[in-house]
Amino acid sequence: MARVQLVIPDEDLERFVRQAQSEGMTLSEWLRAAAHRRLEEQQRSHPFESPADLEEFFRTCDALEGPEREPDWQEHLAVIAKSRKRNAAR
């Protein structure tokens, strides 16, 4: 088995160790699991191979339930501002 050395900020190390422990894993096990999940996510992503694939993607998106209309730009900006204020308070 190979050994890998990582250089990460102390605050990340503390968070990673706490999360690993909460999941009943060692840090090494947790990092390997995270890497495997990342690989699986990337491998599930398939680029469009033709214009027909792209059209099918948008038809599928249109069929999903959701709001009747897209928010306008001012609504997006309001949501962003609210999120920034919430994060600044932390």
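**Group meeting: a pocket and the aromatic pairs**

Helix 2, residues 27-44, gives the largest share of the lining of the largest pocket, with 4 residues. Helices here are DSSP runs of H or I, at least four residues, numbered from the N terminus. This is a predicted model, where local features need pLDDT of at least 70, side-chain atom pairs count only at pLDDT 80 or more, and totals for chains, interfaces and linings use all residues. Residues are numbered from 1 along each chain as its sequence is written, and side-chain values use heavy atoms, with hydrogens and water left out.

The largest pocket holds about 340 Å³ of space. A pocket is an open set of points on a 1 Å grid over the protein atoms alone, where a 1.4 Å probe fits, with protein on both sides within 12 Å along at least five of seven lines; lining residues have an atom within 4 Å of a point. The volume is the space filled by probe spheres set on the points, which are joined across faces, edges and corners. Among the lining residues are Met1, Arg3, Leu27, Ser28 and Arg32.

Now the rings. There are 3 aromatic pairs in the structure. Rings of Phe, Tyr and Trp (its six-membered ring) pair if their centres lie within 6.5 Å; planes under 30 degrees apart are stacked, over 60 edge-to-face, the rest tilted. Phe16 and Trp30 make a tilted pair, 5.3 Å centre to centre with 35° between the planes. Phe16 is in helix 1 (residues 10-22) and Trp30 in helix 2, so this pair ties together parts 14 residues apart in sequence. Trp30 is buried, at 12% relative accessible area, while Phe16 is partly exposed at 23%. Buried means under 20%, exposed over 50%, partly exposed in between, with a 1.4 Å probe and protein chains only. Elsewhere, ring pairs join Phe48, Phe57 and Phe58 into a cluster.

How values were computed: Helix = DSSP H or I, 4+ residues; strand = E, 2+ residues; numbered from the N terminus.
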